[in-house]
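Reader: I would like to learn how to read a sheet and a ligand site. Please start with the sheet.

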Amino acid sequence: MAPLVTVVSSPRARLFACFLRLGTQQTGSLQLHTGASCASKNHYEVLVLGGGSGGITMAARMKRKVGAENVAIVEPSERHFYQPIWTLVGAGAKQLSFSGRPTASVIPSGVEWIKARVVELNPDKNSVHTDNGKEIFYKYLIIALGIQLDYEKIKGLPEGFAHPKIGSNYSVKTVEKTWKALQDFKEGNAIFTFPNTPVKCAGAPQKIMYLSEAYFRKTGKRSKANIIFNTALGTIFGVKKYADALQEIIQERNLTVNYKQNLIEVRADKQEAVFENLDKPGETQVFSYEMLHVTPPMSSPDVLKTSPVADAAGWVDVDKETLQHKKYMNVFGIGDCTNLPTSKTAAAVAAQSGILDRTISLIMKNQIPKKKYDGYTSCPLVTGYNRVILAEFDYKAQPLETFPFDQSKERLSMYLMKADLMPFLYWNVMLRGYWGGPAFLRKLFHLGMS
Ligand SMILES: Cc1cc2nc3c(=O)[nH]c(=O)nc-3n(C[C@H](O)[C@H](O)[C@H](O)COP(=O)(O)OP(=O)(O)OC[C@H]3O[C@@H](n4cnc5c(N)ncnc54)[C@H](O)[C@@H]3O)c2cc1C
């Protein structure tokens, strides 16, 4: 698969990353906890569930606190993925290989990797069970199990992905099918969906629409494409400032948006997608497609849904300011699997990691957590092959912008940040536990302006 756009300006991106690194937390090898080691094959001082963005980041931070030998990560997958880049993989702007690395290479050195799946949590016993029959005990537990993709909740999926003309940027198995469907497009409906559930990166379902539109223009197929965004939501984006900017783009580029439309069935052999009108339950509409991009329904991982740490909806029930569990004081949650009322992104995970680090430090010293998470999250809304609107906002859905310019404007600089700088920052700074989000930059820029 040849990439449409080659990697750009790596030296510049590296320089910028070095600059950013100057402001990150410098905890170094400071050991705040001096208790005796309790590491053994089945007992760890800090046990991390999930080795994704939140799990690896927190393990790196905890290693500095209690020593590598006292930290373990439970994670079954052989490969770790930087998922945000799949938006560009689906549009042919990056290679899939650019997004993944062996899990072994991101586990902080000395930290134990328990290559297994958690199947049961027993917070009253301070233990978890894994699918290889082990019971592992902990003093502190960090839950970072991510969000589950429920393709099978749509009739005809996942088996429908065996057919052409259909893809999904949300899975490593289907992201390249999006690019194939885009290249194979001849004439007809290009349909992009948004499900009736919480999702990770709520901007991604529409980013691929803007990229597809740009691709059709580049390749002279735009006049033959009817581009449709069928979303279960009632709005294009949750923050007014960015929603207004997106609405302008939608009008300028002649894109059709149908609200309250939920994908319930794919007849991939006939290239048909069936949507239910959420305002009139039971009323369905069949769309034929020449290309279909599916954003699957998502939910909390099954292992959490019925566990004692979950809220009624299945998410890890944490305090929204400290990330400490509301009932189990030695249990913490980070990222997509929590009920933090903010948009589920890696950017949010970065900001949460700095807060959670401070929370756990104080809990370990029998003190009350002080640092408060404001819900910071970010969504680089890719609107073309060289354009991004950088949405950044908080719990109140109010913009919380880093840069001293209007981020609701499409910019090349923000595209370069998304495509090159952020991956660099992710692998080299965040996963090593040194990136707690851009709050320090925001302060720096705001000081400069005052
Ligand atoms: C297409 C796409 C585009 C995106 N774009 C952006 C973007 O532009 N900006 C941004 O900030 N974010 C973006 N995101 C979202 C971002 O990738 C996630 O929010 C982030 O990875 C969440 O981190 P996490 O640690 O909560 O979950 P994950 O990184 O998903 O990690 C969860 C881990 O838990 C493991 N796990 C699951 N079940 C078990 C079990 N039973 N036992 C043990 N381990 C288990 C999984 O294998 C996985 O490694 C995007 C995501 C996608 C898919």
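Author: Two strands pair if DSSP finds at least two bridges between them. Strands (E, at least two residues) and helices (H or I, at least four) are DSSP runs, numbered from the N terminus. This is a predicted model, where local features need pLDDT of at least 70, side-chain atom pairs count only at pLDDT 80 or more, and totals for chains, interfaces and linings use all residues. Residues are numbered from 1 along each chain as its sequence is written, and side-chain values use heavy atoms, with hydrogens and water left out.

Reader: What is the order of the strands in the open sheet?

Author: The five strands run β10-β17-β11-β12-β13, with parallel pairing. β10 (166-167) and β13 (256-258) each have a single partner strand, so one side of each lacks a neighbour in the sheet.

Reader: How many bridges join β12 to β13?

Author: Three, and β12 covers residues 225-231. Asn 230 has Asn 258 in β13 as its bridge partner.

Reader: Now the ligand. How many residues surround the ligand?

Author: A residue is near a molecule if one of its heavy atoms lies within 4 Å of it. Here 34 residues surround the ligand, and the closest include Gly 54 and Asp 336. α9 gives the largest share of this shell, three residues.
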